[in-house]
Amino acid sequence: MTRYLLAAAGAVALMLIAAVVIFFFTPTDALQGPVQRIFYVHVSSAIAAFASFLVVAIGGAIYLWRESMVADRLARSAALTGVVLTTVTLVMGMMWAKPIWGAFWTWDARLTSTLVLWIIYAGYLLVRRLAVPGRQAARFAAVVGIFGFVDVPIVYFSVTWWRTQHPGPVIATDALPPEMLFTFLFTMACTLVLAGVMIAVRYRIEALQDAQPQGHFVLQAAGRPTT
Amino acid sequence: MSAILAAGITHWFGSEPALEGVDLVVERGEHVAVLGENGAGKTTLLRILATALEPSAGGLEIFGLNAHREKRRLRTRIGYLPHQTGVYPALTAAENLKFFCDLRGVDKARVAEMLDFTSLTHVAHRRAGELSRGMQQRLAIARAIIHDPLLLILDEPDASLDAGAHELLERVMGKRTVVFATHDQALATRLGQRTVQLRRGHVMGTGSRLHVVR
Amino acid sequence: MRHVTIALAVARKDLLSEWRSRELVPALAQFLVLALVIANFGFSINSDNAQAIVPGVLWLALVFAALVGFGRAFAAEKEQATLEAMLLTSAAPAAIFAGKAIAATLLLVLCEAVLLPALALFFGTPLTFVLAAAVLLATIGMAALGCLFAAMVAQLRAREVLLPLLTLPLWIPFIVAGGQAVQVMMGAEGTFDQALRLLIAFDILFVVLTSLAARFVLDE
């Protein structure tokens, strides 16, 4: 128990340090002004969300392949974390977009596919809730998780092919000054740690719930009855 | 080798336990009646034996095959009559059976044979939805045995059947291994060689070769 | 080979049932025509704005009719308790799924055979081969995805609400590409070759994926 408490406290502390770095040790963007500081958390949480959904898809695939409870619980925990992080990404993105683009929302490829991602994994959580706990919930959710993960890049691609206006990647093209790059990488690392801790805590909760009779479903290899 | 070996079969629906630690051994050719009040877990047990439901815990072996791993193979040897008849109302009685011949890869000649066996030949070309409840039940019985299964799982087979039904059920069961659920004590003793009494998901005993009980 | 026989038997059974009862197709076709009437009032469509609005109306109407059609295909099996009877026959779930999907696709195509002429009649949409091809190609992939999730939600509570929620986001690529093809056909810039090629690629991808996933959705 205390281990989880410590980990959670550590993750929160890291995020606070990241906030200090973002607001006090990073120069203000010449073009966008202070609003640009949203970028650090916005992109970090987006990346952490994608990582979480990758865990959901891989966990689902492993569950379908091996019926591994660990993989399923990991997928469950990562889905919830991913949805929270996607919500953060979307809200921060909109706060940035209003002053810069003049509108909270545009239908470009990245925004659309992130929204679709959010909807699909919100559906994932709903399926988990509505299915019979145990094998059915795990299988159905795994299918939703995998299809969502395959579909989102395709949504991204089809909308790009159609039209797009999101700012292109700035990391790879080396356009970010070193201080900003450091802040970004530091924030991203902190966010990934936070996501990891959230998944771990959630995993523990799910494991405790599974230990109660209702979600518990171990089918022993059918040996001969001992009676 | 026994037909059914079930050990510690346990199943939960949500937080409600439907079955808890049920052990059951059924020998080949044996007819076992499962008795119990509504909600005692009869249907759940039968669905598990028919491989329609995976138990939450416990081991199940049918004809020496693991019911979890060899589900598909077992299903060719099991006939299951569910609680709901499950016929296609818009198809005729014969078409219903023909469809299941296609699914099971069974010779279509079985259709006429089964219709005759269940005395449905005269309504073969009427839509199943227009048949009486008892005739639909007969149709469901015909479907359950169309592939000549070794093991029959019957959930209240006497439901809405008339007086001639006991004789039909006797012929259906024949030499097969049968597990059937019923409320009718008389039917249980007439068709079953032994009975298993379920209460609130536990086996409460009776019967000669019973392996049971916590 | 056995899988093909099973799939065809399932499809034949569904089509025969629909032919006998005529429950779905007439109602859906009527719904599609009504959707056009409502769209006409909602958007005040005239010859100036038809080109911009009509493609959207087409896809909206089609998407919702498809949701009802695919949902029905599995909900009926579940209500009649026949889904389990089919699955307990040892027939491969993928074959059963394929049969259901083929029948549902054909029924939806029948509805489209009403929708497209109705569009031409009411809004002067040219009735061309490209339009039909785009709609048909989109239907195939949408049917694969729609039937997979219809099979899933048929086994859940709250199935009516959940089906659109799971299916619509996954249909977006089809609607984007199909919408593009129809817009181009109605005079927007661009080519529809690429849109049709994309639709074919999406079809192949999702037909393969759904047939792989079918056994996890259909087998308890």
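The model is predicted. Chain A has 6 helices and 0 strands. Chain B brings in strands, among them β1 and β2, which run antiparallel. In chain C, the helices α3 and α6 pack at an angle of about 45°.

**Chain A: overall make-up**

- Read along the sequence, chain A goes α-α-α-α-α-α.
- Chain A has 227 residues, and 39% of them count as buried.
- Take the contacts in chain A between residues at least 6 apart in sequence. Of these, 78% join residues at least 24 apart.

**Where chain A touches chain C**

- Here 20 residues of chain A are in contact with 19 residues of chain C.
- On the chain A side, α4 (109-130) and α5 (135-162) each supply at least two residues.
- The largest share of that side comes from α5(A), with 12 residues.
- By class, the chain A side has 16 nonpolar, 2 polar and 2 charged residues.

**Where chain B touches chain C**

- This contact takes 21 residues from chain B and 20 residues from chain C.
- On the chain B side, α2 (71-75) and α3 (93-104) each supply at least two residues.
- The most comes from α3(B), with 5 residues.
- The chain B side divides into 11 nonpolar, 5 polar and 5 charged residues.

**Chain B: the open sheet**

- Four strands of chain B form an open sheet in the order β2-β1-β4-β5. Their pairing is antiparallel.
- Which strands stand at the edges? They are β2 and β5 (65-66) of chain B. Each has a single partner strand, so one side of each is left without a neighbour in the sheet.
- Strand β1 (residues 4-13) of chain B is joined to strand β2 (residues 16-26) of chain B by 7 bridges.
- One bridge pair here is B:Trp12 with B:Pro17 in β2(B).
- Together, β1(B) and β2(B) form a hairpin with 2 residues between them. In the turn, B:Gly14 has a positive phi of about 60°.
- β1(B) also pairs with strand β4 (residues 57-62) of chain B. The two run antiparallel and are joined by 5 bridges.
- In this pairing, B:Leu5 has B:Glu61 in β4(B) as its bridge partner.

- Is strand β3 (residues 31-36) of chain B enclosed or open, and why? All told, 6 of the 6 residues of β3(B) are buried, so this strand is largely enclosed by the rest of the structure.
- The residues of β3(B) point two ways. B:His31, B:Ala33 and B:Leu35 point one way, and B:Val32, B:Val34 and B:Gly36 point the other way. Both sets are buried.
- One partner of β3(B) is strand β8 (residues 177-181) of chain B. They run parallel, joined by 4 bridges.
- Within that pairing, B:Val34 stands opposite B:Ala181 in β8(B).
- Strand β9 (residues 194-199) of chain B also pairs with β3(B), in the parallel sense, over 5 bridges.
- There, the bridge partner of B:Leu35 is B:Gln197 in β9(B).

**Chain C: two packed helices**

- Helix α3 (residues 50-79) of chain C packs against helix α6 (residues 129-153) of chain C. Their axes are 8 Å apart, and the angle is about 45°.
- What does that angle make them? α3(C) and α6(C) are therefore oblique to each other.
- Their crossing is right-handed.
- From α3(C), the contact is made by C:Ala66, C:Leu67, C:Phe70, C:Gly71, C:Ala73 and C:Phe74.
- From α6(C), it is made by C:Met142, C:Ala143, C:Gly146, C:Cys147, C:Ala150 and C:Ala151.
- By class, this contact has 10 nonpolar, 2 polar and no charged residues.

**Chain C: a look at one residue**

- C:Ala120 lies in helix α5 (residues 93-123) of chain C.
- Why does C:Ala120 count as partly exposed? C:Ala120 has 14 other C-beta atoms within 10 Å.
- Leaving aside residues up to four places away in sequence, C:Ala120 touches C:Thr125 and C:Leu127.

Notes. Residues numbered from 1 in each chain as written. Chains lettered and ligands numbered in written order. Predicted model: local features only at pLDDT ≥ 70, side-chain atom pairs only at ≥ 80, totals over all residues. Buried ≥ 20, exposed ≤ 12 C-beta atoms within 10 Å, placed from the backbone. Contact = placed C-beta atoms within 7 Å. Nonpolar A, V, L, I, M, F, W, Y, C, P; charged D, E, K, R; others polar. Pairing = 2+ DSSP bridges. Axes fitted to C-alpha atoms, helices over the stretch in contact; angles between N-to-C directions. Parallel < 35°, antiparallel > 145°, perpendicular 65-115°, else oblique. Left-handed = near helix turned anticlockwise from the far one by under 90°.
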